[in-house]
Amino acid sequence: MNQKRNDRKDINDSTTEFFLKVMQKEKNKKDKENAPMENLSSTTMKTLDTFSRFYNYINQLLDKILSSKVTIMFLSFVIAAVLFYNISGQDIIASPTSGVTIEDVAISIEGLDDTLEITSDIPDSVTVGLIGSSLDIYSSTLSANYEVYIDLTGYEEGSYTIDLKSRDFNEDLTVMLVPNSLDITLEEKVSQDFNLSYTFINEDQLDSKYSVSVESLSLDTVTVYASETTLSKIAKVAACIDVADKSEAFEQTCIIKAFDSNNEELDVEISPNTVEVSCNVASYSKTVPLEVNFTGEVASGYQIADYTLSQNEITIYGLQEDIDSIDSIVVNVDVSNLNSSTTFENISLNKENGINKFSSDTVTVSVEIEKVVSKKLDNITITVLNNSENYKVSFVGESETATVSLTGSEERIDALSEDNVTATIDIDGLSTGTHQVDVSAMVDDDKVSIELLSSETVTITIERK
């Protein structure tokens, strides 16, 4: 019995010991697994701490560098050198032969006789092509001392094809000019006298309440030297009077210039080229309406349907005695051969009749053009007007009706009938007897034109009832 108890006790002790050993083994295993994690965490913290210290050191170092102007200039130079090399240095060094084009190189004119003028249209500039080493190209374009020119030495009046020339490019470069020649027409200069007028400049710098009038010019005429072709383009020769900031009477020495019909300056020789002017400054003004005057005829089958102005009124400035009689300003618009709606921008206003200044020098007019159709209407009863004596009026050998043609936009014409048309004769002042009278026709739409197709006169007999 005791032996059994001892055996059971040994078994229990062995089980407990085994269990304890298993638990200890598991604990040791967990300790081994946790140890690397703790070591790793410690290492990470040390790394972060080291990086933070290095980052702070770099920031402090940059602060010291950027606080020095000398250091900043040095860094800028280094960066510029690196960029220059990246952009062009590699091409200069690595490309022994290359090509570039230079746009808008001005053309110089040399050797032109003073008695001659170029009357043909020639370009102001050309395109230059360069072929050669990149270094030579770079040095030429960097210095920009080159020239493109035509030499007219020895040429007389006439037409020629003249080669363009170049100089001061690197002699190792191949130079190509586009175009490489020009068609030149030379004409002999002649002289012609012109009446001298005047024009104001810098009017935008003159206070709007003032206007300038010219009291006198020291010259009435000047002589212009140019070719006959250029002389024919001259619309006016004018003294250019600077009115900037003027508020009282003044005298001025003015340059004289020639202008074409578009008010573009012409390159001519004028003698003398200056004139003494005396001007008065006034502040009188008035506002008047603008009226449109259409010149020319629109294309066949079309008509002006309507028009609008950018402004309906304008203020004019001048001496009171000069502009008091002006009631409107006419805007001339040329509609010759128009077949579609068009806007005419910046139409210049003419300074006439003593006007020194406008509140606006130009106006815009929009013209609406519409296609027209025609319609014939017959049997329009002729009505007798002014039959105050209640005469009996008979038509002799003529119909008592008229035939008309209506012309206008399709929409308007479609809406009209005989009821919209009136044909009449007027017997005011006529006595009994036979008379020949005129027939008039009218339509009640002022946008539609009417034409009498039947006889313009009829014979009538007037009798007392």
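Gln 205 is partly exposed, because its relative accessibility is 40%, a value between the 20% limit for buried and the 50% limit for exposed. The model that shows this is a predicted one. Gln 205 sits in the loop between strand 9 (190–201) and strand 10 (211–217). What does Gln 205 contact, leaving aside its neighbours within four places in sequence? The partners are Ala 244 and Asp 245. Val 243 gives a sense of the distances here. Gln 205 and Val 243 are 38 residues apart in sequence. In space, their C-alpha atoms are 7.4 Å apart.

Asn 202 belongs to the loop between strand 9 and strand 10 as well. Its phi is near 60°, a positive value in a residue other than glycine. Most residues other than glycine have a negative phi. Asn 202 has a relative accessible area of 30%, so it counts as partly exposed. Asn 386 also has a positive phi, about 60°, and it is not a glycine either. Look for Asn 386 in the loop between strand 23 (362–385) and strand 24 (392–395). Asn 386 is partly exposed, because its relative accessible area is 44%.

Now step back to the whole chain. The protein chain has six helices and 30 strands. It holds 465 residues, and 30% of them count as buried. Take the contacts in the chain with a separation of 6 or more. Residues 24 or more positions apart account for 71% of them.

Ser 409 gives a view of a buried site. Is Ser 409 buried or exposed? Ser 409 is buried, because its relative accessible area is 8%, and the limit for buried is under 20%. Ser 409 lies in strand 25, which covers residues 401–409.

Next come the charged pairs. Side chains of opposite charge can pair when their charged atoms come close. How many salt bridges does a search of the whole structure find? The search finds four.

One of them is formed by the side chains of Glu 110 and Arg 167, with an N to O distance of 2.2 Å. Glu 110 lies in strand 1 and Arg 167 in strand 6 (residues 165–167), so this pair ties together parts that are 57 residues apart in sequence. Glu 110 is partly exposed, because its relative accessibility is 25%. Arg 167 has a relative accessible area of 26%, so it too is partly exposed.

Lys 257 forms a salt bridge with Glu 265. The closest N and O atoms of this pair are 3.6 Å apart. Lys 257 counts as partly exposed, because its relative accessible area is 27%.

Asp 445 and Arg 412 also meet through their side chains in a salt bridge, at 2.9 Å from N to O. Asp 445 lies in the loop between strand 28 (440–443) and strand 29 (449–452), and Arg 412 in helix 6 (residues 410–414), so the pair ties together parts that are 33 residues apart in sequence. Asp 445 counts as buried, because its relative accessibility is 13%. Arg 412 is partly exposed, because its relative accessible area is 33%. Elsewhere, salt bridges that share partners join Glu 110, Glu 147 and Arg 167 into one network.

The surface also carries charge in a patch. Asp 113, Asp 114, Glu 156 and Glu 269 gather there in a patch of negative charge. Asp 113 is found in the loop between strand 1 (98–110) and strand 2 (116–118). Asp 113 counts as partly exposed, because its relative accessibility is 39%.

Two proline sites remain. Most peptide bonds are trans. The bond from Val 178 to Pro 179 is cis, with omega near 0°. Pro 179 lies in the loop between strand 7 (174–178) and strand 8 (181–188). Ser 271 and Pro 272 are also joined by a cis peptide bond, with omega about -10°. Pro 272 has its place in the loop between strand 15 (269–271) and strand 16 (274–282).

Terms used
Residues numbered from 1 in each chain as written. Predicted model: local features only at pLDDT ≥ 70, side-chain atom pairs only at ≥ 80, totals over all residues. Heavy atoms only, no water. Patch = residues over 30% accessible without salt bridge, like charges linked within 9 Å, V, L, I, M, F, W, Y side chains within 5 Å. Areas by Shrake-Rupley, 256 points an atom, 1.4 Å probe, with all protein chains shown as cover. Lys, Arg positive; Asp, Glu negative; His and termini not counted. Charge placed at Lys NZ, Arg CZ, Asp CG, Glu CD. Helix = DSSP H or I, 4+ residues; strand = E, 2+ residues; numbered from the N terminus. Buried < 20%, exposed > 50% of the residue type's maximum accessible area, 1.4 Å probe, protein only. Contact = heavy atoms within 4.5 Å.
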